[in-house]
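Please examine the sequence and the structure before starting.

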Amino acid sequence: MPTSPWITRYSRTLSQKTCKGFSQTPDYTQIQIAYEISERRACRLIGISQNSMRYIATDKVEDGMITERRIALSSRWKQYGYRRLHIMLLHEGFEINHKRIYRLYKAAGLTLNRKSKKKHYEKRGIPERAVMEMNARRSMVFIDMTHFGSNLRVLTVIDAVIRECIALEVDSSIKGRKVATVLNHVAIFYGMPKEILTDNGPEFTSNAMNAWTYDNKVEQIFIDPGKPMQNGYIESFIGKFCTEGLDQHWFRNISEAKEIIEDWRSE
């Protein structure tokens, strides 16, 4: 069937309008009715695909709900990326994949600029774990900080196998006896570990800790001096704890610090 010059002229005009950025797509049904041609031929003359003409826009109400909830979570957890926000939204019942979350996350301007660190692949001196199960090894370290004109210490205890924080003890001063008390309290809920990995601080090398490890038959392992990455799991946790927990708050007293830090650990 030869092409009518009117069809050619009409299609050329519509193509020019489309190229200039008209928001509305030309109606191919006008050409179909006027010249009695098929949908495929009409779309070819206009210069668009049939799938584009048949597309029905979906309701974007859910995107608005997801964006609103995502911004609320981002304001609460400022250092969370889109992957962790995606997991939290899944827990709240939203059926959404990570690609859609990333698109909405980037459109809202929430992308964090992180400095990439050069990785050095070398063998570390951390002792190997004999048993890969819960309570096989616990790692401990202290965090010192200053708030409300006073010093605060946070004793951090994690399970090095399942990488779960099981205790964050906050006080102005924590000695060896207090460390042993915290470990006894943790043992009520999680049981006794087979070994503990610590640095060479005076609290961990004290007579109180030596007596505690002997009485409970727990092996205590010390990292080499000046080698904190031999206790790498807890060092990685401290970085997240400081960024997501401590840096987001200013504590007015010890009671407030204990409450906020424990709430962060529970979450």
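Contact here means heavy atoms within 4.5 Å. This is a predicted model, in which local features need pLDDT of at least 70 and side-chain atom pairs count only at pLDDT 80 or more, while totals for chains, interfaces and linings use all residues. Residues are numbered from 1 along each chain as its sequence is written, and side-chain values use heavy atoms, with hydrogens and water left out.

**Exercise 1. Describe the overall make-up of the protein.**

Step 1. The secondary structure comprises 11 helices and five strands; helices (H or I, at least four residues) and strands (E, at least two) are DSSP runs numbered from the N terminus.

Step 2. Of the 267 residues, 36% count as buried. Buried means under 20% relative accessible area, exposed over 50%, and partly exposed in between (1.4 Å probe, protein chains only).

Step 3. Among contacts between residues at least 6 apart in sequence, 56% join residues at least 24 apart.

**Exercise 2. Characterise the aromatic pairs.**

Step 1. A pair of aromatic rings is described by the distance of the centres and the angle of the planes. Rings of Phe, Tyr and Trp (its six-membered ring) pair if their centres lie within 6.5 Å; planes under 30 degrees apart count as stacked, over 60 as edge-to-face and the rest as tilted.

Step 2. Six aromatic pairs are found in a search of the whole structure. In one of them, Y82 and Y105, the ring centres are 6.2 Å apart and the planes stand at 45°, so this pair is tilted. Because Y82 belongs to helix α6 (residues 82-91) and Y105 to helix α7 (residues 98-107), the pair ties together parts that are 23 residues apart in sequence. Y82 and Y105 are both buried, and together with Y102 they form one aromatic cluster.

Step 3. The pair of F237 and F241 is stacked, with 6.1 Å from centre to centre and 10° between the planes. These two residues are four apart in helix α10 (residues 232-244), so about one helical turn separates them. Both F237 and F241 are buried.

**Exercise 3. Which strand is joined to β4 by four bridges, and how does the chain reach it?**

Step 1. Strand β4 (residues 195-198) is covered on both faces: E195 and L197 on one side, and I196 and T198 on the other, are all buried.

Step 2. The four bridges join β4 to strand β5 (residues 219-222), and the two strands run parallel. Two strands pair if DSSP finds at least two bridges between them. The bridge partner of T198 in β5 is F222.

Step 3. From β4 the chain passes through helix α9 (residues 207-215) to β5 in a right-handed β-α-β crossover. Right-handed means that, with the strands pointing away from the viewer, the path from the first strand over the helix to the second runs clockwise.

**Exercise 4. Is D171 buried or exposed, and which is D144?**

Step 1. D171 lies in strand β3 (residues 164-171). Its relative accessibility is 18%, so D171 counts as buried.

Step 2. The side chains of D171 and K178 make a polar contact of 3.0 Å. A polar contact is a pair of N or O atoms within 3.5 Å; within protein, one must be able to donate a hydrogen and the other to accept it, and residues adjacent in sequence count only if both atoms are side-chain atoms.

Step 3. D144 is located in strand β1 (residues 138-147). With 55% relative accessibility, D144 counts as exposed. The side chain of D144 has a polar contact of 2.6 Å with that of R153.
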